[in-house]
Amino acid sequence: MISISKSLSAALAALFMVSGAVADNSGFLDDYSKLEPIPGTDARVYHAPGAWENFKNYKAVMIDQPEFIIAADSEYRGVKPDEAKAVADLMRQKMSEAVSKTLPVVDMAGPGVLYIGIAASNVHLKKKKRGLLGYTPAGFVVTSAAAATQDMEEKIFLQDMKLEIKVLDSQTQELLAAAVDQINPSAKKPGETWADEHTVVKYWSERLQCRFDNSSKPKEQWSDCDKALP
């Protein structure tokens with residue numbers, strides 16, 4: 001090289017933004033010049049000096065609702081809030097499941113609390129012609145992430161999407177680590193759903209969890225967190 005308010009305003013808060021910048025620089029990160037490429041991959045990473053060792057000073061982590069940034073050259077830019085929210089919730093859930101193996105996930109900033117922000121950028125959409133079959137009743141509540149993402153998997157050109165992650169100190173806002181990775185087109189298999197394609201999210205979540213876990217051990221006991229990208 002994915003307990004939420006049901007109000008429309010909450011859904012729109014993390015809804016799609018259009019990126020006028022080049023695909024590599026969506027604007028989610030403040031400074032892309034710090035990123036270094038991982039040879040042989042589409043991924044770029046950054047970590048502040050001593051960040052891996054200093055993770056031991058953090059006792060909890062906040063994981064923000066993911067943002068979606070539509071590419072300026074996308075064929076279509078419309079998406080229903082419920083669909084977008086279901087996909088964002090799934091990304092957040094996968095990150096939480098991995099990270100919570102080492103650190104508890106909390107909802108408030110404070111001393112010893114990390115902040116993780118996630119974005120799906122360079123998103124390309126296509127307009128579906130479903131007519132009234134795509135009607136969403138008033139008061140509709142998403143009860144199944146799989147059902148809600150059915151329309152999204154038909155709209156999103158998954159292989160064009162990039163995953164962007166930033167890890168900050170929740171109080172100082174200091175950038176501790178960041179990564180930008182692109183879905184590998186060759187990894188998509190016939191019949192595979194959009195939800196199944198969260199391998200990139202899963203990989204970076206587990207890699208970050210590995211860093212947290214290492215920080216509590218003597219360096220000679222650290223695991224290799226830089227295993228090959230999927």
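Buried means under 20% relative accessible area, exposed means over 50%, and partly exposed lies in between, using a 1.4 Å probe and protein chains only. By that scale Glu53 is partly exposed, at a relative accessible area of 28%. This is a predicted model, where local features need pLDDT of at least 70, side-chain atom pairs count only at pLDDT 80 or more, and totals for chains, interfaces and linings use all residues. Residues are numbered from 1 along each chain as its sequence is written, and side-chain values use heavy atoms, with hydrogens and water left out.

**Overview and confidence**

- The protein has 5 helices and 9 strands. Helices (H or I, at least four residues) and strands (E, at least two) are DSSP runs, numbered from the N terminus.
- Along the sequence the pattern reads α-β-β-β-α-β-β-α-β-β-α-β-β-α.
- Of the 230 residues in the protein, 46% are buried.
- Mean pLDDT is 75, and 68% of the residues reach 70 or more. The pLDDT is the predictor's confidence in each residue, from 0 to 100.
- Residues 2-23 have pLDDT below 50, and beyond near neighbours in sequence this stretch has 52 contacts in the model. A contact means heavy atoms within 4.5 Å.
- Where pLDDT is low, the predicted coordinates should not be read in detail.

- Strand β7 (residues 113-123) pairs with β8 in the antiparallel sense over 8 bridges. Two strands pair if DSSP finds at least two bridges between them.
- Opposite Lys166 in β8 stands Gly117.
- Lys166 also lies over the face of Phe28, 4.2 Å from the ring centre. A charge sits over a ring if NZ of Lys or CZ of Arg is within 6 Å of the ring centre and within 35 degrees of the ring normal.
- Strand β9 (residues 175-182) runs antiparallel to β8, joined by 7 bridges. Glu164 stands opposite Val180 in β9.
- β8 and β9 form a hairpin with 5 residues between them, and Gln173 in the turn has a positive phi of about 65 degrees.
- Gln171 sits in the loop between β8 and β9. Not counting residues up to four places away in sequence, Gln171 touches Gly110 and Pro111.
- The C-alpha atoms of Gln171 and Val113 are separated by 7.8 Å, with the two residues 58 apart along the chain.

**Aromatic pairs**

- The structure holds 3 aromatic pairs. Rings of Phe, Tyr and Trp (its six-membered ring) pair if their centres lie within 6.5 Å; planes under 30 degrees apart count as stacked, over 60 as edge-to-face and the rest as tilted.
- Trp52 and Phe55 make a tilted pair, 5.5 Å centre to centre with 55 degrees between the planes. Both Trp52 and Phe55 are buried.
- Tyr203 and Trp204 make an edge-to-face pair, 5.2 Å centre to centre with 85 degrees between the planes. Tyr203 and Trp204 are both buried.
- One aromatic cluster is formed by Trp52, Phe55 and Phe212.

**Salt bridges**

- A search of the whole structure finds 6 salt bridges. A salt bridge is a side-chain nitrogen of Lys or Arg within 4 Å of a carboxyl oxygen of Asp or Glu.
- Glu53 and Lys219 meet through their side chains at 3.0 Å, N to O.
- Lys219 counts as exposed, at 54% relative accessibility.
- Lys85 forms a salt bridge with Asp89, with the closest N and O atoms 3.1 Å apart. Lys85 and Asp89 are separated by about one helical turn because they are 4 residues apart in helix α3 (residues 81-99). Both Lys85 and Asp89 are buried.
- Asp213 and Lys217 meet in a salt bridge at 3.1 Å, N to O. Asp213 is partly exposed at 27% relative accessibility, and Lys217 is partly exposed at 29%.
- Arg207, Arg211 and Asp226 are linked in a network of salt bridges.
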